[in-house]
Amino acid sequence: MSKENLAGISFFEKYLTVWVALCMAIGVAIGVYLPGIPKFLSRFEYYSVSIPVAILIWLMIYPMMLKVDFKSVKQVGENPKGLIVTWVTNWLIKPFTMFGIAYLFFNVFYSNLIDAEIAKQYLAGAVLLGAAPCTAMVFVWSHLTKGNPAYTLVQVATNDLIILVAFVPIVALLLGVSDIFVPWNTLFLSVVLFVVIPLVAGVVSRSVITKNRGLEYFEKVYIPKFNNVTIGGLLLTLIIIFSFQGQIIIDNPLNILLIAIPLIIQTFLIFFIAYMWAKAWKLPHNVAAPAGMIGASNFFELAVAVAISVFGITSGAAVATVVGVLVEVPVMLLLVKIANNTRGWFTA
């Protein structure tokens with residue numbers, strides 16, 4: 001990938017997989033050698049939600065919501081085909097292919113390698129990832145593929161609105177099919193805490209700051225202040241999660257790889273479904289590439305947050321969503337390269 005392309009991704013984002021792996025190792029070491037730390041943190045819980053982790057997750061999600069201008073939703077009728085590809089892929093295909101692939105691996109292929117109860121939790125984590133399409137990081141992937149920024153904004157904004165109504169029913173349906181009971185009120189509470197509140201905060205911030213200081217100040221000064229806040233919040237969250245999982249990981253190191261395999265397969269599958277559909281519909285490359293990227297990548301911050309609040313910080317579901325973070329960046333960078341190398345497939 002050229003230096004010009006990589007200019008669109010920050011130092012922390014470019015090496016996110018390295019930082020994630022490092023934080024996982026630090027967390028495991030804390031859990032094994034300093035067990036008093038996770039024990040102390042476990043005191044700060046409210047209805048099974050870790051207060052320190054909740055604060056860190058808000059720090060992750062709020063900066064992302066700042067980047068979404070919901071006024072762009074007015075442009076949905078300008079090129080509906082690209083939006084149809086995005087919506088159908090993300091909400092009618094992706095959650096169900098993720099469930100199918102994860103179920104096949106965790107409950108069939110790995111039946112002799114993973115305990116049945118742990119397999120259920122890993123499946124739950126995979127379902128949460130599959131039902132949460134990406135938001136802010138899509139702007140990075142779109143930039144690296146020379147995607148249409150205005151159209152990408154519409155795709156992301158409409159996706160965020162759909163999450164509000166579709167995420168809970170889809171997750172409840174798929175987990176119910178796999179005999180994993182999840183109370184609807186807990187799922188709704190998670191969406192309110194980790195989508196609605198940051199979303200409202202982002203909209204209010206954009207409105208107030210733009211009105212008082214102007215759009216240029218908001219986009220060029222205010223938003224960049226949070227450039228590393230999201231990554232920092234994510235990395236600290238990972239350290240806490242893996243400090244609770246330390247001994248489990250030491251006893252089952254192969255499980256990280258086993259979780260990664262179906263997640264990677266799903267990522268490639270969904271990208272090519274959206275990308276080739278866009279090609280068949282003769283959409284321009286600068287719409288097709290972001291459409292594929294939105295489906296392929298995940299709103300992993302939301303998935304991690306819901307896994308923790310619904311299943312607990314020590315759950316296999318939380319670990320599975322974190323593995324999603326681990327594999328996402330290198331896989332997405334590879335898909336960016338594929339998209340750029342296949343630009344000639346699309347008409348100008």
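User: Which residues count as positive and which as negative?
Analyst: Lys and Arg count as positive, Asp and Glu as negative; His and the chain ends are not counted. Each charge is placed at NZ of Lys, CZ of Arg, CG of Asp or CD of Glu. In this predicted model, the protein chain has 20 positive and 14 negative charges, and their mean positions are 10 Å apart.

User: What are the ground rules for reading this model?
Analyst: Residues are numbered from 1 along each chain as its sequence is written, and side-chain values use heavy atoms, leaving out hydrogens and water. The model is predicted: local features need pLDDT of at least 70, side-chain atom pairs count only at pLDDT 80 or more, and totals for chains, interfaces and linings use all residues.

User: What is pLDDT, and what is its average here?
Analyst: pLDDT is the predictor's confidence in each residue, from 0 to 100. The protein chain averages 84, and 91% of the residues score at least 70. Over residues 1–7, pLDDT stays under 50. Where pLDDT is low, the predicted coordinates should not be read in detail.

User: How many helices and strands are there?
Analyst: Both are DSSP runs, numbered from the N terminus: helices are H or I with at least four residues, strands are E with at least two. The protein chain has 16 helices and two strands.

User: What does the radius of gyration say about the fold?
Analyst: Take it over C-alpha atoms; the globule rule is 2.2 Å times the number of residues to the power 0.38. For 348 residues, a compact globule would have a value near 20 Å, and the protein chain's 19 Å agrees. The C-alpha trace spans about 55 × 50 × 40 Å along its principal axes.

User: Is Thr 89 buried or exposed?
Analyst: Buried means under 20% relative accessible area, exposed over 50%, partly exposed in between (1.4 Å probe, protein chains only). Thr 89 counts as buried because its relative accessibility is 0%. Thr 89 lies in helix 6 (residues 80–109). Across the protein chain, 55% of the residues count as buried.

User: Which residues does Phe 271 touch?
Analyst: Contact means heavy atoms within 4.5 Å. Leaving aside residues up to four places away in sequence, Phe 271 touches Gly 292, Met 293, Ala 296, Leu 335, Ile 338 and Ala 339. Phe 271 is in helix 13 and is buried at 0% relative accessible area.
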